Amino acid sequence: MADSSSTIVDRVQNFVSEHKKAILITTAAAAIGAAGVAYYASTSRPRPPPDVEQAGEKKDKKKSKSKKKKSTKGDSGPILEERKPKVEEASDELNLDLASEELASLPDEERSKYAAAFKTKGNAAYTKRNFTEAADFYTKAIQVTPKPEPVFYSNRAACYVNFTPPDHENVVKDCDEALALDPHYVKALNRRAVGLEGLARLEEALRDYTAATILDKFQNATTAQAVERVLKTIATEKAVDLLKDRQTRLPSHTFISAYFAAFRPRPPLVLPESPSTGDETLKLSLSALDAADYPHALTLVNEAITQGITWDAGKAEAFNLRGTFKFLVGDIDGSKADLQTAINIAPTSTQSLVKIASVHMEQGDPTKAFECFDDAIKQNPNDPDIYYHRGQVLFIMSDFDKAAENYSKSTELDDTFVFSHIQLAVAQYKSGNVANSMATFRRTLKAFPQRSEPQNYYGELLLDQQRFSDAVEKFDKAIEIEKAKPSPNVLALVNKGLALFQWKQDISAAEQCCNEALEIDPECEAAVATLAQLNLQQSKISNAMEMFKRQADIARTEPELINALTYQYATAAQLEFLKNYPDQAAQLNALARGM
């Protein structure tokens, strides 16, 4: 059950993102008192640039809805929408070869006609993919018009997007002009975002794509996908930069305890008759491990290896333990090297073989992982841990029936290990055998009355069935059992908070549970993630931002860090939207209520 806290994080985020229609409302809605919806970023391919438009298009959008739109499209070119312009179309009598000085001397009404004529010529050239010519016509329209029109700048920006190579600098400059004239101009926002993305000014691009999506009432899938694409790029790049300079750190006490609890206790090592300093230090490290003093255990095992260990069993145990800690801090290559050293010293060390199988899974090589399990079975076919952890890998791969077979085999060899029973019940549940799963859990509760884990995980399944009262009862029993321990596991507290939130929308009680969990384990990922979402629900945006930053700080692996940064930057972009468009708050509130 080493990934139990990650499971809770997923459940928190899945619950608040149930309503897929509201893919982007996230903190913007929460900031105005509406129900916050978590934003989840997914991979999207780049999209083509927006089309050019007629003057007045955005103003007459409502009027034109009932009319059938005409469009022309080149073989692979942009679409040009035809809508009623703000000014009358130019007549054939206009002399478009007049010098700029002559045009400037004309009355305003005539200049407006010339501007419309140049714009029409630009649209025609754009449709034929003559982008340089189209840009020249839009430039003439900008020069002659008596009243600046944002559409002229936006359309010229569309030309610059299609230059070879694209002229992103001028795209941004023209869209700046268009948006200075009309800040709510969605097409100009989209085009500026394209330019900014092309210039690798990604946070600014995210700002514009986010604003365009919200102003478009979340109806434009292409823009929403652009948000996801840019957000993923930002989060990924930031994660790589942060990890380069970040010192390795252990995950939360809850996470580490869950990992070590997934292995059955082994007989204690017997020191040689004349132990060396390194031998004695290794013994101290293992004592610290038994006491759940994980930082001290790690420091001591490093010292023991440096000092030198005199007997093979001790060396194998030391490299096995250090490899385990390296795995927990995300040093996958270092973990693999240490575990392989342990195996080379003691080929019969089935635990090291099982752990290196997990390393292969982390590296995306399930074939190699199963080879390690097979090797371990050859060494000791009666080691129940082998079947339990092979079941875990099969569970991750969603092969629940085979996972259940392995959990059952593990239990046959040793029925005193609570997690084999729990995981069997969960695998049965995932396979759709709900009745069998519930029966397995009831037997497990009876067999292990002093263990909190069956109470907690049974509560999770009850929560999944929306049996809220029963779930909270189980979580309370788990919490009571854990409180008697010197270092309690806090997952039941977080689960209870989530249950109260889903059941009664009791945000205060849910927050209290998570805060209590963080008092016990300040780096509990699940508690931090839940509090971030609860703060969004209460419009406590600055608090939510701090929680997202905290979530990023304690992230153990690159995927975890990317996920945390995704929420952080999505929140920041939408906060900036409310700052730039305060007039949209009421509209967003109404929109959120309607979703």
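## Salt bridges and a helix pair

Reader: How do Lys485 and Glu482 meet?

Author: Their side chains form a salt bridge, 2.8 Å from N to O. The term means a side-chain nitrogen of Lys or Arg within 4 Å of a carboxyl oxygen of Asp or Glu.

Reader: What kind of model is this?

Author: It is a predicted model: local features need pLDDT of at least 70, side-chain atom pairs count only at pLDDT 80 or more, and totals for chains, interfaces and linings use all residues. Residues are numbered from 1 along each chain as its sequence is written, and side-chain values use heavy atoms, leaving out hydrogens and water.

Reader: Is Glu482 buried or exposed?

Author: Buried, at 4% relative accessible area. Lys485 is partly exposed, at 34%. Buried means under 20%, exposed over 50%, partly exposed in between (1.4 Å probe, protein chains only).

Reader: How many salt bridges does the whole structure have?

Author: A search finds 25. One of them joins Lys483 and Glu516, with the closest N and O atoms 3.6 Å apart. Lys483 sits in helix α24 and Glu516 in helix α26, so the pair ties together parts 33 residues apart in sequence. Helices are DSSP runs (H or I, at least four residues), numbered from the N terminus.

Reader: New topic. At what angle do α21 and α23 pack?

Author: About 10°, with their axes 10 Å apart. Axes are lines fitted to C-alpha atoms over the stretch in contact, and angles run from 0 to 180 degrees between N-to-C directions. The two helices are therefore roughly parallel, a label for angles under 35 degrees.

How values were computed: Parallel < 35°, antiparallel > 145°, perpendicular 65-115°, else oblique.
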